[in-house]
Amino acid sequence: MLTDIEIAQQAKMKKIKDVAASISLGEDDIELYGNYMAKFSDEALDKLKDNKDGKLILVTAINPTPAGEGKTTVTIGLGQALCRLGKKAVVALREPSLGPCFGIKGGAAGGGYAQVVPMEKLNLHFTGDFHAITSANNLLCAMLDNHLQQGNTLRIDPKRIVIKRCLDMNDRALRNITIGMGARTDGVVREDHFIITVASEVMAILCLAEDLDDLKKRLGAIIVAYNYDNEPVTAADLNCVGAMALLLKDAIRPNLIQTLENTPAIVHGGPFANIAHGCNSVRATKTAIKVADYTITEAGFGADLGAEKFLNIKCRKAGLKPDCIVLVATVRALKYNGGVAKDQLGTENIDALGRGIVNLGKHIENLKKFNVPVVVTLNRFVSDTDKELEFVKDYCAKMGCSMTVSEVWAKGGEGGIPLAEDVLKVLDEQKSEFKPIYEDDMPIADKISFICKEIYGAGQVVFAKQAENAIKKIEEMGFGSFPVCMAKTQYSLSDDPSLLGRPEGFTMNIREVYVSAGAGFVVALTGTIMTMPGLPKHPAAESIDVDSDGTITGLF
């Protein structure tokens, strides 16, 4: 059996100018990055604004498990299937982070015969967007430290600096550091911190900005610190917004690549969904719905994280309205939620499936609260039995959802045709009446509690004193109308990764709250969630190599 990277390396790619032509774009509408990657030109993005919007389909999933779900794979396969049915479809995805690629999760280009290519370039440096974001963020940090060194006329309190440096790599040793050591000319000694680039506010801003002017406005609003009078100090106060925007002027333009079946793929931005808002850029999604009749996009991790933020943050901010939601699960993952050990998941077990399927049920209930039609699909494994598949289908019917089996990993677009037909049927017969599930004017603590109870199923929400004080300050500064971005483990509906299935009545612990004023949301950290991941005992990097002719192995 071929690995994902071997399948990708055998792909017969079209020249990217020909992929662009399939969505009515000329050579002047794109900027080439070699033969198979391109960025949209600013002129093309402006021209497309007058086009009619196509349908927007969101793909999300149950809580991730070691058994795998395949959300990105389904997204890509559904796009390929729609094209096989003669529809004009585009997939809109996030860019992968180097942290997971070299850590434990692997790449984010899909899998099997439902991938985007060139897979190696996408999973590595791609068009340099993440490096630009990292540089812009760290320029802001360098400007702040230089301001302290050069006299600190803004009276910044070194103990109340909130901006953190970033790096797109899992490196736990950088979570808490001391800088400015050495000679007096080496800077002011202070405690500092690193987060992974995909958790940075600059990443969130790039993904929510409508254009360069909006990007600059948002960058200027970033709160970097507080002064001795407890007043916020922003990036605009440090006079570095123009330089940051210069570093991001190309990164803000969406990228165009293709799937294994040459379906256009717009790939741009990549915030994590467990510690950020977990969606590709607004620009990418809005571009996709202008060039295609059907846009299939994804939201990271489980529906309790990525989809909730897509619907409550991204759609609210950008005026987007999804027409249908596809919820991905696997029989293996549901049995894992029912208490079956990973090495026993290949054995038929209806009892365990019945215990674990409540996780799927909770996500169906949650998504329906947004008044958007929901379709369930099961990524099929060889070990799945007909009896197990029928059990899930009957359960979904009782929940008011159709269920189809997806075989896109093994068969590409052909394996996604039943799902594509189901989606088209739902789009034809059911109308989306999308609406975010909480109002802007709810107090911040009430928004947090609402999400914890309504989406996660918590019985009680406990705020640390530090979080309560932060909320009071955020509301005093005028940011009380912002939506909430929850930072929570992806492995459970609760803040405890060991609580599988559908935990209920648990206590949700809010340990820290801060405002991302440029991004336009308030972040609430729960449990022990980290904004700088660490590497596992045996990182994926140990198995990755490249030989003298440039052939890459072990990437995924």
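Analyst: A residue is called buried under 20% relative accessible area, exposed over 50%, and partly exposed in between (1.4 Å probe, protein chains only). This is a predicted model, in which local features need pLDDT of at least 70, side-chain atom pairs count only at pLDDT 80 or more, and totals for chains, interfaces and linings use all residues. Residues are numbered from 1 along each chain as its sequence is written, and side-chain values use heavy atoms, with hydrogens and water left out.

User: Why is Cys101 called buried?

Analyst: Cys101 has 1% relative accessibility, so it counts as buried.

User: How many disulfides are there?

Analyst: The count is zero, where a disulfide is a pair of cysteine sulfur atoms within 2.5 Å. The closest cysteine sulfur to that of Cys101 belongs to Cys207 and is 16 Å away, which is too far for a bond. For Cys324 the closest cysteine sulfur is in Cys401, at 9.6 Å, and therefore also too far for a bond.

User: What makes Cys324 buried or exposed?

Analyst: Its relative accessibility is 0%, so Cys324 is buried.

User: Where is Gly180 placed, and why is Gly180 called buried?

Analyst: Gly180 lies in the loop between strand E9 (177–179) and strand E10 (190–192); strands (E, at least two residues) and helices (H or I, at least four) are DSSP runs, numbered from the N terminus. Gly180 counts as buried because its relative accessibility is 14%.

User: Why is Asp28 called exposed?

Analyst: Asp28, in the loop between helix H2 (16–21) and strand E1 (30–32), has 73% relative accessibility and therefore counts as exposed.
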